[in-house]
Amino acid sequence: MANKYDGSTRYLFVNTEDFPNQGDQINNIRLNLGGNSFQSDDDSLIKLSLTQFNMPKNFYNVNDTNNTFRVIQSGFTHSGVEIDACDFKMKIPPGDYLTSRQLIQAFCDSLKIVLDAHVSSAGVNMTYTVAPNGDPTFQYGSAVINSNARVIPTDSADINTRLLGVTVTASVSAFRFTNPIIIHSLHISPTDGLVTTSGAVLTADEQFNDSAMLFGGNRCKIANDPSSDSDAVMTANNCFSISDADNVTTISGYYPMNTALHTLPYVYLRLNTVINSTTSNFENISHNHTSEIVPSHILAKIERKEMLDGSIYYRSNDEIVYVNYITQNRLNDLQFSVTDDKGRVIPQNNLGVNMGIFSNYTASTKKINIDGNLHCDFTLKLERIAIPYSPNILQGFSDPIRKTNNSILSNIPNNGCVL
């Protein structure tokens with residue numbers, strides 16, 4: 001049946017590049033319709049549909065939301081080597097890693113920097129060698145291409161298990177790890193308060209991190225205090241299996257590393273007006289809840305797609321149109337944000353800093369989400385949908401049935417008195 005308000009349908013084509021609004025190109029995108037507000041009446045609702053969304057992945061797969069570990073080690077002395085107490089946040093350099101082996105090597109390089117920095121100069125000089133386990137070589141056949149146009153390994157004897165494997169070797173052979181190396185991947189919601197380590201307050205991304213998901217370890221949901229918690233208590237929250245033998249510590253992942261070397265398969269478009277029951281969605285632990293459905297502002301879930309030329313976009317599926325019915329009668333101000341599944345903004349803090357690739361690099365003081373190329377474009381369809389409507393009428397009981405009154409004869413004698 002035709003909708004009698006078809007003539008009022010409107011499309012909004014939005015491109016947030018250099019977008020003049022109170023937010024930026026990707027967060028708090030504000031559309032002020034001004035005098036072109038969209039209205040409904042008592043006999044209609046506003047139907048808002050997302051018909052198209054596109055955002056190039058102009059940020060790194062490994063970033064502030066998945067590259068942080070907390071490294072803890074109590075101070076001790078062995079064989080003349082003095083180890084200072086350590087409670088340090090270790091960050092894997094941001095970037096797009098092509099293989100799990102590259103990512104493991106970056107983990108090793110970062111861990112070596114942390115461990116070497118906590119060997120006191122007051123004792124015997126010592127350094128660590130931190131290296132990946134296993135054979136790093138893979139044989140590739142240039143003519144062997146799978147259905148996704150990617151070259152695949154041809155050496156069947158070298159199976160890539162995707163398990164993190166790291167060996168830490170002290171240069172002093174008599175040295176023993178009296179106190180163990182402890183590595184945590186914090187996954188504590190910022191709604192519980194920000195965590196302080198070694199006098200420094202962690203950022204929301206640092207304490208609510210997906211590094212365990214990326215590297216195949218266990219999440220730590222407790223902020224241990226090294227000044228009061230024992231090594232045994234803190235070791236129980238280790239992200240990885242960590243064992244000592246002589247002057248060697250072996251670190252092994254509990255689970256395979258993430259099959260894709262990123263943790264953002266989808267982005268979520270949020271709209272501040274979408275807060276009714278039709279848009280109750282499952283938000284992944286961004287609120288303190290236990291598996292119940294919670295109201296949210298999510299308008300659409302956008303999939304990551306890789307093109308044949310290697311470019312990556314977050315694009316909506318043409319076969320899926322996200323629809324929401326808005327109960328308010330007038331739309332004149334819409335506010336959008338693009339986030340991950342936990343409500344975090346798209347990672348951007350690493351962008352514009354020196355990646356260690358080019359010399360004479362000058363870091364930018366501007367931001368990619370304001371002056372750079374982190375932006376999106378999308379299309380909204382606004383419709384006025386007719387609904388059954390009856391005017392409000394004051395309702396009550398029907399009038400009583402009226403009949404002719406019968407005279408009531410009085411047995412009081414008529415004495416001529418007039419009342």
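**Surface, salt bridges and cavities**

Me: Does Val323 count as buried, exposed or partly exposed?

Reply: Val323 has a relative accessibility of 34%, where buried means under 20%, exposed over 50% and partly exposed in between (1.4 Å probe, protein chains only). The model is predicted, so local features need pLDDT of at least 70 and side-chain atom pairs pLDDT 80 or more, while totals for chains, interfaces and linings use all residues. Residues are numbered from 1 along each chain as its sequence is written, and side-chain values use heavy atoms, leaving out hydrogens and water. At its 34%, Val323 counts as partly exposed.

Me: Which residues form a nonpolar patch on the surface?

Reply: One member, Val323, is found in strand E23, residues 322-326; strands are DSSP runs of at least two residues and helices (H or I) of at least four, numbered from the N terminus. A patch takes residues with over 30% relative accessible area and no salt bridge, joining nonpolar side chains (Val, Leu, Ile, Met, Phe, Trp, Tyr) within 5 Å and like charges within 9 Å. Together the members have about 220 Å² of accessible area, computed by the Shrake-Rupley method with a 1.4 Å probe and only the protein chains shown as cover. They are Val321, Val323 and Tyr325.

Me: How many residues apart in sequence are the parts that Asp96 and Lys57 tie together?

Reply: The side chains of Asp96 and Lys57 meet in a salt bridge at 3.5 Å, N to O, that is, a side-chain nitrogen of Lys or Arg within 4 Å of a carboxyl oxygen of Asp or Glu. Asp96 lies in the loop between E8 and helix H1 (100-117) and Lys57 in the loop between strand E4 (44-56) and E5, so the pair joins parts separated in sequence by 39 residues.

Me: Which residues lie nearest the centre of the largest cavity?

Reply: There are 2 cavities of 30 Å³ or more, a cavity being a set of 1 Å grid points, over the protein atoms alone, where a 1.4 Å probe fits but cannot get out. The largest holds about 90 Å³ of space, a volume being the space filled by probe spheres set on the points. Its lining, meaning residues with an atom within 4 Å of a point, has 17 residues. Nearest the centre are Asn63, Thr65, Thr263, Leu264 and Pro347.

Me: Which element supplies the largest share of the lining of the second largest cavity?

Reply: The second largest cavity has about 60 Å³ of space, and its lining includes Thr68, Phe69 and Arg70. Strand E5 (68-73) and strand E8 (86-91) each supply at least two lining residues. The largest share, 3 residues, comes from E5.

Note on methods
On a 1 Å grid over the protein atoms alone, a cavity is a set of points where a 1.4 Å probe fits but cannot get out, and a pocket is an open set with protein on both sides within 12 Å along at least five of seven lines; lining residues have an atom within 4 Å of a point.
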